[in-house]
Amino acid sequence: AGFGDALRAPATLANHEWRRAGYDVIIDDGSHVPAHILFTFTELFPMLRPGGVYVIEDNAFSYADKPTNAYGYRVGHRGGIGRPTTDNAVERFKALADIVNREECFQDLDIVIFSEAIDRAVFQVAFVSGLVFVWKKTAAQQAGLAGIPSLRWTSHADGPALQEYKRFLEAGKHVGEAAAP
């Protein structure tokens, strides 16, 4: 993907043949800059075939909590464990795992991590040393969940913990950290 001053997809990704064919496996071994990882995932995950797996390598710069340079790019100004999800790849994928685990009981997703289409297409998120794996639902998994009536346990799904989590995602604060005046 083209990075430079603006994140933009290269022209080859607009090739309709490639988009229509899809991929069974996509491995992101790119710049390792969290913002680039997130951009690339958002662009490429929709091209993954149902049941396919998306692999992200070398995501350690999401843990940088002070400014540093990685391959000529500034990182760390928004990173660190538990930090805002805006440009922190690992934290965004952790949040995506929450969406995946919540969907069976609470299908009315009111939190969006990447996009509603991407979030609903994810079946599993796994973390292994230096890697993130994201599996796309198979057609059967997609159809199976679509056929389950929503349990709408709103009294259980909309409690204080969820409200604090929503504020965390929206405000980019640590959970439990006081909001800025």
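Biologist: Which residues does Phe41 touch, not counting those up to four places away in sequence?
Modeller: Pro46, Tyr54, Phe93, Leu96, Phe114, Ile118 and Val134. Contact means heavy atoms within 4.5 Å. This is a predicted model: local features need pLDDT of at least 70, side-chain atom pairs count only at pLDDT 80 or more, and totals for chains, interfaces and linings use all residues. Numbering runs from 1 along each chain as its sequence is written, and side-chain values use heavy atoms, with hydrogens and water left out.

Biologist: Phe41, buried or exposed?
Modeller: Phe41 counts as buried because its relative accessibility is 0%. Buried means under 20% relative accessible area, exposed over 50%, partly exposed in between (1.4 Å probe, protein chains only). Phe41 lies in helix α2. Helices (H or I, at least four residues) and strands (E, at least two) are DSSP runs, numbered from the N terminus.

Biologist: How many residues are in the largest nonpolar core?
Modeller: 26, with Phe41 and Phe45 among those with the most contacts inside it. Such a core joins buried Ala, Val, Leu, Ile, Met, Phe, Trp, Tyr and Cys through side-chain atoms within 4.5 Å.

Biologist: Which element gives the largest share of this core?
Modeller: α3, with seven residues.

Biologist: Now the sheet. What is the strand order?
Modeller: β1-β2-β6-β5, open, with mixed pairing. Two strands pair if DSSP finds at least two bridges between them. The edge strands are β1 (23-28) and β5.

Biologist: How do β1 and β2 run, parallel or antiparallel?
Modeller: Parallel, joined by five bridges. Val25 stands opposite Val53 in β2.
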